[in-house]
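Here are a few notes to read alongside the model.

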Amino acid sequence: MRHLTLLGFLALAAILVAVPLASSNEYELRLFMLFLIYGIIAVGLNVLVGLTGLVSLGQAGLFALGSYTGAILATRAGFDMISASLVAALVAGLFGVLLAYPTVRVRGVYLAVVTIAFGLIVENVAIEWQSLTGGTTGITSIPSPNVFGMRLSGYAFYCVLAVFLFLATAAAHNLKVSRYGRAMRAVSQSEIAARALGVDATGLRTLAFVAAAVTAGLAGTFYAFLNSYISPDIFTFSDSVRFLLMVILGGAASTFGPVLGAYILTYLPEYLQEFAVWQKFAYGALLLVVMFVMPRGIMGSLAYGLKRLRPAPRAVAACEGLPADGTLRREAREQKSELVARDLTVRFGGLTALNKASLRVKPGEVHALIGPNGAGKSTFVNTISGFYQPTEGAFELDGIQLAGKRSHEIARVGLSRTFQNTELFSDMSVLENVMVGYQQRLGYGLVSALLRTSDMRRQESECRRAAIGLLTFVGLEDYANEEARFLPFGLQRRLEIARALAARPRLLLLDEPAAGLTTQEIDELEVMIRRIAALGVSVLLIEHHVELIMAVADTVTVLDYGQVIASDTPSVVQDDPRVIEAYFGTSLDHAKAEA
Ligand SMILES: Nc1ncnc2c1ncn2[C@@H]1O[C@H](COP(=O)(O)OP(=O)(O)OP(=O)(O)O)[C@@H](O)[C@H]1O
């Protein structure tokens with residue numbers, strides 16, 4: 001695939017060089033320049049739509065914002081095209097941050113409505129703020145494209161646009177294959193799992209909105225200079241739909257898909273002009289047919305077909321990996337980690353799910369938390385991993401107070417977890433799942449990611465090798481390139497453990513890891529938990545499977561109606577009359593027989 005991407009970039013460069021030589025008149029060149037501008041917008045929008053899975057139907061608003069900012073700066077303050085476009089990108093980027101804010105609360109169709117509203121507001125402001133925007137008449141006499149006072153010829157302007165499109169495509173591709181892109185895809189597939197691995201979902205969505213906004217702002221100014229005239233009717237809701245269609249038709253998340261989509265949707269209306277009254281009908285019908293035949297978009301479907309024709313080897317060589325012991329021990333402190341929860345109370349309305357529950361996971365131990373259904377175990381887990389906020393009480397890991405922190409912050413302190421109902425990044429490969437776990441410790445920043453620096457590549461290679469080592473640790477190296485959703489259930493559970501370990505936790509929290517496993521898989525799980533504990537990672541195990549608990553736990557805490565009713569060694573707890581009464585119902589032997 002890497003070679004194909006390189007070929008794609010070479011082909012794009014060749015096309016961009018050849019077109020001005022081949023175009024026979026100014027109209028043809030101008031149309032191609034319009035495509036380059038739309039291409040820049042689509043490439044940026046793809047970061048939002050393709051990677052984070054969010055939909056924006058307000059892109060025409062950001063495009064207009066960039067256009068008006070650039071045009072006003074050029075006509076009133078004498079800015080040249082490049083400095084005007086950079087300021088416009090900045091202004092649009094700020095609005096991108098504002099647009100990202102609602103994603104803290106809303107998604108899907110509600111978010112789409114918010115972005116539509118934004119587009120409408122911009123359109124209205126452009127009409128009503130006559131002193132600044134010229135109202136319905138718009139802004140005329142925008143100077144010809146110029147850089148530092150030098151007027152650009154048509155071809156020179158073409159070169160600027162071509163370079164910007166090429167760089168935007170390369171930067172978006174680099175972002176996609178970096179830790180940022182991987183985290184964005186992870187957030188789109190399971191936000192809670194991503195947060196539990198230390199991914200700041202809100203920050204990433206903001207970044208994606210800013211990427212889409214900055215490119216729309218840049219493109220807006222270029223458009224104003226190309227057209228030398230702008231008015232509100234150029235930036236309508238249907239343009240927002242068209243920009244979104246460019247991404248989806250070309251192939252969301254693919255590197256060249258949005259460029260292809262922009263090309264098709266710039267030229268198609270031109271070609272369909274001869275159909276006169278049937279033009280719009282033909283346009284819609286064609287889109288429908290393409291999307292029906294290729295639901296992943298054109299490039300997405302081609303890549304999928306190619307993958308099926310020549311599938312990559314499913315396994316990776318275990319020898320490529322870094323030893324898991326080393327990866328986990330690198331975090332090993334002289335002192336093993338301790339979790340202390342004091343008087344945790346969680347109320348849901350009138351229901352007290354946790355009632356002054358205290359618990360101490362001693363350094364390096366396997367601590368089991370058990371209790372009947374509805375006792376409050378999941379509430380406890382969700383509270384100490386930051387998904388619920390305690391109504392009262394506090395908890396700390398190695399003396400670091402965690403109550404009040406958000407889930408990704410707690411994960412970064414060193415608490416990793418698995419989920420009762422597995423929460424994998426199902427469309428990502430098994431290896432990528434584990435890499436998302438590891439990558440929070442990578443140090444390279446956004447600029448390194450966009451430029452794909454040698455430091456970034458070195459760190460990515462380390463991340464990959466550490467992930468392979470952890471897959472080998474749980475026996476999944478033969479499935480490394482398989483999509484996670486195709487793994488059998490038992491292996492999905494193991495993958496979740498490998499992914500949680502990749503975050504190099506001080507405390508690993510396993511939420512019913514034996515649920516749904518066969519007897520043989522439970523035996524393997526028992527061995528794995530022992531090996532993890534032997535590496536110095538403290539484990540908190542929530543389980544119903546009594547035999548597993550008795551076999552691996554150093555301490556057992558029992559919850560009933562949200563209260564801790566016992567906490568001691570397994571042999572003491574299993575003879576506690578209150579535990580027998582509350583949890584086992586009858587005798588422990590009976591419970592074992594039933595398990
Ligand atoms: N988000 C929530 N909103 C309202 N009530 C909740 C919520 N989460 C849990 N509860 C309630 O809190 C109580 C404790 O539930 P919890 O899921 O923590 O128990 P549990 O011990 O994990 O049970 P199980 O073993 O069945 O998973 C239950 O009465 C449950 O209905």
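**Notes on the model**

1. Let me start with lysine 356, which counts as partly exposed because it has 14 C-beta neighbours inside 10 Å. (A residue is buried with 20 or more other C-beta atoms within 10 Å of its own, exposed with 12 or fewer, and partly exposed in between; C-beta atoms are placed from the backbone.) Lysine 356 is found in strand β4 and has a positive phi of about 50°, although it is not a glycine. Most residues other than glycine have a negative phi.

2. A word on the source: this is a predicted model, where local features need pLDDT of at least 70 and side-chain atom pairs count only at pLDDT 80 or more, while totals for chains, interfaces and linings use all residues. Residues are numbered from 1 along each chain as its sequence is written.

3. Strand β4 (residues 351–361) runs antiparallel to β3 (residues 339–348), and 7 bridges join them. Strands (E, at least two residues) and helices (H or I, at least four) are DSSP runs numbered from the N terminus, and two strands pair if DSSP finds at least two bridges between them. Leucine 339 has valine 361 in β4 as its bridge partner. The hairpin of β3 and β4 has 2 residues between the strands, and glycine 349 takes a positive phi near 60° there.

4. Please look at aspartate 398 as well: it has a positive phi of about 50° without being a glycine. Aspartate 398 sits in the loop between β6 (392–397) and β7 (400–401) and is partly exposed, with 17 other C-beta atoms within 10 Å.

5. Next, the open sheet: 6 strands in the order β8-β9-β10-β5-β11-β12, with mixed pairing. β8 (415–417) and β12 (563–568) stand at the edges with a single partner strand each, so one side of each has no neighbour in the sheet. Within this sheet, β5 (residues 366–370) and β11 (residues 555–560) pair in the parallel sense over 4 bridges, and histidine 367 has threonine 555 in β11 as its bridge partner.

6. Finally, the helix pair: the axes of α3 (residues 59–76) and α5 (residues 108–128) come within 8 Å and cross at roughly 35°. (Axes are lines fitted to C-alpha atoms, for helices over the stretch in contact, and angles run from 0 to 180 degrees between N-to-C directions.) Among the residues that meet are Ala60 and Leu65 in α3, and Phe118 and Val122 in α5; contact takes C-beta atoms, placed from the backbone, within 7 Å.

Key:
Two residues are in contact if their C-beta atoms, placed from the backbone, lie within 7 Å.
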